[in-house]
Amino acid sequence: MSEERPGKIIIVEDEPFQARFLTLTLKKAGFEIIDVFDNGKANLDYLKNNPHDAELILMDIMLKGALDGIETAEAVKTNHDIQVIFLSGLTDDDVIDRANVSTPHTFLFKPVDPRQLVTSVLMGVRSHRLSKDLRESRTWFSRTLDNIQSAIITTDRVGNIIFRNKKALEYFPDFGLPQNMVEELLVSNREGQKINYREVIKLKGSLNLESVILQLPDRNIPVDILLASITRNERILGYVIDIIDISEKKAQQDAIQKYQIQLQEFSDNLRNIQERERIKIAREIHDELGQYLARLKIDISRLKLDIEDNTRLNDLESIADTLVKRVRKVSSDLRPKILDDGTILEALDWLSKEFSQSLPVSFFCTEEVLHLPQELKTDIFRIAQESLSNILKHARATLATIELSLDDNTIELVIRDNGIGVKKNNGQKKKKTMGVMGMKERARRWKGQLNIVSSDNGTTVTASFPFQETDN
Amino acid sequence: MKTRILLADDHAILRDGIRGILEATPGFEVVAEASDGMEAIAALEKNQFDVAILDINMPKLNGLDTLKHFKSVAPKLPVLILSMYPEEQYAVRMLKAGASGYLTKEAASNQLIQAINKVIIGGRYVSPELAEQLAFGLTKTEADYPHELLSDREYQVLIMIASGKSVSEIAEELFVSVKTISTYRSRILEKMDLTNNAQITHYVIKNDLLT
């Protein structure tokens, strides 16, 4: 008893001699005697005003007054969490049976042996404290779990529900058949097929189901479900099911996706506008400026016929010539005319020849004719152009190829070079990434893909576009 | 008798310049001018011409479509295409569509008269630089030898197959996928009406194409 708090005892005994014996014996053993009552009602009145004081009551069964010991003990059990030890001089089995209903800690028969008294009271106090701790920690856990946003359900090893937190009760207010509960929860999983969760958990210890639609009586909600086994000494005692409502997360994801789509539409639009502007400016420069320059040249040439010393006119004529070529180059850089009038094959062939002035570029195509929508044609062309520009700027290649093929309703564009590969962190990374992003965007808007594989032996850009060839 | 000319170009400034050249040349007469394809067609209905000069890029009806119409209505009338675009992009297309000549506008001052003189007697005119390249391209459809049906790239692959290289070796050497070379090989076989590599090698050696 030395390390423990002294047990707090109430004695209810109407024989003064006996009461005194009990008091002295227990005090001597270190217990604290809160009070001694000679009738049940006084005891109950005291407990009403001081509900948390006593830990154990020594209760004489044969009490005078309105309530005997057994009736008093029943009242105590109903309203309080206090252990009762009955004291009895009777050995009548009927009385003992009646007393047992109030689940006393034990019986002591008069005359009471002091050592047995002390030991029984000590055990009673300990038992009281243990069950009190257990109840408190249970309350503590369930309060904690009630305040968690997810629904927590624990079951025994065959699936009977042992515990549900507040959220779980809210989801399943009248859960009828606990036996197949987990199966019930999982009927509506993504593939629509049941999972033998026990097997999975046995293997992995836990099972995580993401984005499952949970069917509640009044609504469906998207949830993540975590199933885990509760094991002790490698024996499965039961399962804990954690159901997390992800509606909010989903809503956020949906919102992000919505913005992403808006952003893509915006970028597509911007690209279309840019291309249209390019066409307009290219035509403007080419058709308007070019005509004037051509006229200028014609007139200079005719002047040459009239004037004998035409050295300076020759200079003027070559300036006009250069201007025409520059105008043509500027216009073509903006938007090559072949892209409007020719097929993608002609356009890529032209592109490879253009680049071949700086780097040998061969164009291969497995199709002999390929008619594409104007915008798709533009995007494929621009990807090839951007790739070749990158090769020219960064790759130090001596050779590049463009391949275009149509297979299984997929157009594949491959641009290879034998250069030094894409170097990471070369200072130009950000700029280059923007170019690659633009290329990826062009592929993405046709539900296509663009991949870049790079090594020391060169870089391969592969863009694929789903495409259904029409008859016309 | 003067050479009667129809001149169609939507840019008045350039049209004036061209007319200047033509009028300064004895024997040439600009009978009608048009500023778009429809006007050119209307002019063709009203007058007889010895040659038509069409701008490739005109409003309402562009040069190519106007050319096609001219060829169906007056197949014998030589048409000379004037263009701001370099020859290599459009000349072949226009010549295939029936044009007798193709001239860039800045070259007009020096070559126009020469070109007209050539086309009105039934000849064809392109710049000397392009002439050689075109000769090959235009005869493609009526080739004397099967290998002339091949594109430059196909011809390259043909020669490599003939020299005993495998499809994957060729792919590696040309830096493209095996699939592409396989397709090229089947296309070569189809165009040349051959069935296997041995026949290709035989053909190439027989015609002395390996140099």
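Student: What makes strand β1 (residues 8-12) of chain A and β2(A) a pair?

Tutor: Pairing takes at least two bridges found by DSSP between two strands. β1(A) and β2(A) have five bridges, in the parallel sense, so they pair. Strands here are DSSP runs of E with at least two residues, helices are runs of H or I with at least four, and both are numbered from the N terminus.

Tutor: Keep in mind that this is a predicted model: local features need pLDDT of at least 70, side-chain atom pairs count only at pLDDT 80 or more, and totals for chains, interfaces and linings use all residues. Residues are numbered from 1 along each chain as its sequence is written, while chains are lettered from A and ligands numbered from 1 in the order in which they are written.

Student: Which strands stand at the edges of the chain A sheet, and why?

Tutor: The open sheet has five parallel strands in the order β2-β1-β3-β4-β5. β2 (32-37) and β5 (106-109) each have a single partner strand, so one side of each lacks a neighbour in the sheet. From one strand to the next, the twist averages 20°.

Student: Why is A:A282 called buried?

Tutor: Buried means 20 or more other C-beta atoms within 10 Å of the residue's own, exposed means 12 or fewer, and partly exposed is in between, with C-beta atoms placed from the backbone. A:A282 has 20 such neighbours, so it counts as buried. A:A282 belongs to helix α9 (residues 247-306) of chain A.

Student: What is A:A282 in contact with, leaving aside neighbours within four places in sequence?

Tutor: Contact means C-beta atoms, placed from the backbone, within 7 Å. By that test, A:A282 touches A:S331, A:L334 and A:R335.

Student: Over in chain B, how do you know how α7(B) and α9(B) are oriented to each other?

Tutor: Axes are lines fitted to C-alpha atoms, for helices over the stretch in contact, and angles run from 0 to 180 degrees between N-to-C directions. Under 35 degrees is roughly parallel, over 145 roughly antiparallel, 65 to 115 roughly perpendicular and the rest oblique. The axes of α7 (residues 152-162) and α9 (residues 178-192) of chain B come within 10 Å and cross at roughly 90°. The two helices are therefore roughly perpendicular. Among the residues making the contact are B:V157 and B:L158 of α7(B) and B:Y184 and B:I188 of α9(B).

Definitions and conventions: Two residues are in contact if their C-beta atoms, placed from the backbone, lie within 7 Å.
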